Amino acid sequence: MRTTFLRLVAVLTTTVLCSGAALAQTAKPEMLLYCGITMVRPMTEIAQLFEKRENVKIAIAQGGSEDLYQSAKKSGVGDWYLPGEPSYRDKHLAEGLFVEQATIGFNQMTLVVLKGNPKKVKPDPHEMLRKDLVAIVGNAESGSVGQEAKNILDRMGIYPQVIRAAAFLAPDSRSLMNAMKKGEADVTMSWRATGFFADNAAKLDVIDLDPKIAKPQALLLIQLKSTKSPELEKRFMALAAGEEGQAIFRKHGFLDSKGAGSK
């Protein structure tokens with residue numbers, strides 16, 4: 001999975017690096033957003049708006065937050081980094097790749113179950129240890145969905161038990177949701193917004209957790225030092241953080257930058 005992801009990013013970064021000839025003909029700057037899987041849908045919509053208004057092309061490299069950062073660091077190419085939670089900014093800030101940032105919304109971990117909650121799962125992460133349930137968890141080494149699940153379960157003192165009981169670990173929220181829709185598990189922990197995506201909502205239900213257990217996590221759109229178009233980059237960040245961008249985030253099930261959003 002990681003090899004395939006790195007190949008995809010290599011193709012995207014090569015495209016950006018080799019765009020000089022195209023720019024000479026079209027005068028259309030090409031920009032690159034490293035975007036965590038969960039935020040791809042709203043960010044794609046915002047990018048399309050920006051492309052029309054600014055006559056630019058925005059490529060989106062998507063994947064687990066840690067994998068994305070390592071790709072941005074290795075390639076030295078890109079304009080923005082949007083991880084699934086702020087710990088990735090804190091973890092890598094001292095390495096010098098980040099410039100400015102904007103809070104463009106919040107996400108929150110929930111339990112996700114099959115439509116109608118046939119196994120009567122309660123809003124408690126301890127349910128992941130029920131012997132009559134098949135549970136799956138995100139991999140904490142590759143993406144924010146696994147990292148945040150680990151943070152929550154560690155605070156409850158049950159992370160090792162949940163990992164031992166889990167049927168398997170998935171690299172990102174998309175993989176978790178796909179496995180749930182295929183009936184490969186009864187319950188997982190995932191970002192709340194993923195349960196509201198149209199193709200997921202038809203088959204899955206979200207069980208909200210107490211914010212004291214699952215604190216909403218800020219989504220930070222971070223300007224990268226490697227950008228070649230800082231003014232365009234700042235205007236894109238302003239669009240995502242502004243009213244239009246926030247409306248798009250709410251539509252996709254996220255909490256907006258004021259913590260509002262659908263509940």
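Start at Ala135, which sits opposite Val187 in β8. (Helices, H or I of at least four residues, and strands, E of at least two, are DSSP runs numbered from the N terminus.) You're in a predicted model, where local features need pLDDT of at least 70, side-chain atom pairs count only at pLDDT 80 or more, and totals for chains, interfaces and linings use all residues. Residues are numbered from 1 along each chain as its sequence is written, and side-chain values use heavy atoms, leaving out hydrogens and water.

Select β6 next. Ala135 and Val137 point one way, Ile136 and Gly138 the other, and all are buried (under 20% relative accessible area, 1.4 Å probe, protein chains only). β6 runs parallel to β8, joined by two bridges; strands count as paired if DSSP finds at least two bridges between them. On β7, Ala170 faces Gly138.

Now pick Met128. Skipping neighbours within four places in sequence, its contacts (heavy atoms within 4.5 Å) include Leu111, Ala135, Val162 and Met189.

Jump to the open sheet of five strands, ordered β2-β1-β3-β10-β4 with mixed pairing. Colour β2 (57–63) and β4 (98–107): these are the edges, each with a single partner strand, so one side of each has no neighbour in the sheet. The twist averages 20° from one strand to the next (axes are lines fitted to C-alpha atoms, for helices over the stretch in contact; angles run from 0 to 180 degrees between N-to-C directions).

Inside the sheet, zoom in on Tyr81, whose bridge partner in β10 is Ile222. Finish with helix α4 (residues 65–75), lying across β1, β2, β3, β4 and β10 at about 150° to β1.

Notes
Buried means under 20% relative accessible area, exposed over 50%, partly exposed in between (1.4 Å probe, protein chains only).
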